[in-house]
Every structure is written in structure tokens, then in C-alpha cells.
Amino acid sequence: MYAVIKTGGKQYRVAAGDKIRVEQIPADIGAEITIDQVLAVGAGDQLSVGAPLVSGATVSATVVSHGRGEKIRIFKMRRRKHYRKTQGHRQNYTELFIGRIASALGETRADVEAATGASATTAEPAEAPAVSA
């Protein structure tokens, strides 16, 4: 099951278990937020498209981290006019883990432990092969 959500003036296609970076949301790390601006929900061959929003559909997400994106260089120049201007910009973002999508078509959930990276099973490094000379 997937959903198309709207946040920060942009649209994102999400599924349960996805991590996405959206425009900065004023929420603490670990907080659960509910996004009710769902534009479409799809499950298999079924599709529910809202006009403009799907009624009763919600997406629950957990805030994983906040950060700043890569620096974008802005360079303006007018040829033969001795005009040059250099500027930079870094956009703030919030990383979300999509935990649950609920609508009239059904509900899907994802494991929240996968978002934090703390899983129940830890992988141990493989032993190095013995070298005989």
C-alpha cells in the first residue's frame, strides 16, 4: 500500500517503512506526527484519489532527525559589466520514518525499530579465514 502526501508545499509518494526528507517540521526527534493531507491512496490494483484530499486517510510518521542539506551555489554575472555575485544556501530538512498508512482501502504498518537502526538481531563480523604457510 502506498500514499501520496502533501507537506511543505511538495508531494511525496510514500509506503510503510520508507524514510523521506521533507521541509523542516517543528517537532522533537522521536515524536510521532500525523499527516492528514493525503492526496491519493493505492493498494494493489485499487486506487483512491481525493478531490483534493482523501477523506479519512492518514499517514503516521516518526521524526528520525533534523539536518541541513547540501550547499547550493548561486552565481550571478553580467558579462562586460564587471558584476559578479556568489551566494550559497543550505535548506533545513526533517527526516521522517513512515510507520502507518490508514484509509478506507485498509491499513499497513511498519516496524519502528527499523527507523532507529536498533534491531533485535545484531550481525556479528565473519571470522577471517586461517592462512597457512
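**Figure 1. Salt bridges around Glu107.** The side chains of Glu107 and Arg100 meet in a salt bridge, with N and O 3.9 Å apart, where the term stands for a side-chain nitrogen of Lys or Arg within 4 Å of a carboxyl oxygen of Asp or Glu. The model shown here is predicted, so local features need pLDDT of at least 70 and side-chain atom pairs count only at pLDDT 80 or more, while totals for chains, interfaces and linings use all residues. Residues are numbered from 1 along each chain as its sequence is written, and side-chain values use heavy atoms, with hydrogens and water left out. Glu107 also forms a salt bridge with Arg109, and here the closest N and O atoms are 3.0 Å apart. Through salt bridges that share partners, Arg100, Glu107 and Arg109 are joined into one network. Glu107 is partly exposed, with a relative accessible area of 44%, and Arg100, at 22%, is partly exposed as well, whereas Arg109 is exposed at 64%; in these terms, buried means under 20% relative accessible area, exposed means over 50%, and partly exposed lies in between, with a 1.4 Å probe and protein chains only.

**Figure 2. The hairpin of strands 10 and 11.** Strand 10 (residues 92–103) and strand 11 (residues 106–109) pair in the antiparallel sense over four bridges, and the two strands form a hairpin with two residues between them. Strands (E, at least two residues) and helices (H or I, at least four) are DSSP runs, numbered from the N terminus, and two strands pair if DSSP finds at least two bridges between them. Within this pairing, Ala102 stands opposite Glu107 in strand 11.

**Figure 3. The salt bridge between Lys10 and Glu23.** The side chains of Lys10 and Glu23 meet in a salt bridge with a distance of 2.7 Å from N to O. Lys10 lies in strand 2 (residues 10–15) and Glu23 in strand 3 (residues 19–23), so the pair ties together parts that are 13 residues apart in sequence. Lys10 is partly exposed, with a relative accessible area of 38%, and Glu23 also counts as partly exposed, at 22% relative accessibility. The structure holds three salt bridges, and the contact between Lys10 and Glu23 is one of them.

Figure 4. Four strands make up an open sheet in the order 2-1-5-6, with antiparallel pairing. Strand 2 and strand 6 (46–49) are the edge strands, each of which pairs on one side only. From one strand to the next the twist averages 15 degrees, where axes are lines fitted to C-alpha atoms, for helices over the stretch in contact, and angles run from 0 to 180 degrees between N-to-C directions. Strand 1 (residues 2–7) pairs with strand 2 in the antiparallel sense over six bridges, and Lys6 stands opposite Gln11 in strand 2.

**Figure 5. A charge over the ring of Tyr2.** Arg13 lies over the face of Tyr2, at 4.0 Å from the ring centre; a charge counts as sitting over a ring if NZ of Lys or CZ of Arg is within 6 Å of the ring centre and within 35 degrees of the ring normal.

**Figure 6. Backbone features in two loops.** A cis peptide bond, with omega of about 0 degrees, joins Ala51 and Pro52, and Pro52 has its place in the loop between strand 6 and strand 7 (58–68). In the loop between strand 8 (72–78) and strand 9 (83–89) lies Arg80, which has a positive phi of about 65 degrees although it is not a glycine. His82 is also found in the loop between strand 8 and strand 9, and His82 has a positive phi of about 55 degrees although it is not a glycine. Most residues other than glycine have a negative phi, and most peptide bonds are trans. Arg80 counts as exposed at 69% relative accessibility, and His82 counts as exposed at 85%.

**Figure 7. The chain as a whole, for orientation.** The chain has one helix and 11 strands, and from the N terminus on its elements run β-β-β-β-β-β-β-β-β-β-β-α. Of its 133 residues, 30% count as buried. Among contacts between residues at least 6 apart in sequence, 62% join residues at least 24 apart, where contact means heavy atoms within 4.5 Å.
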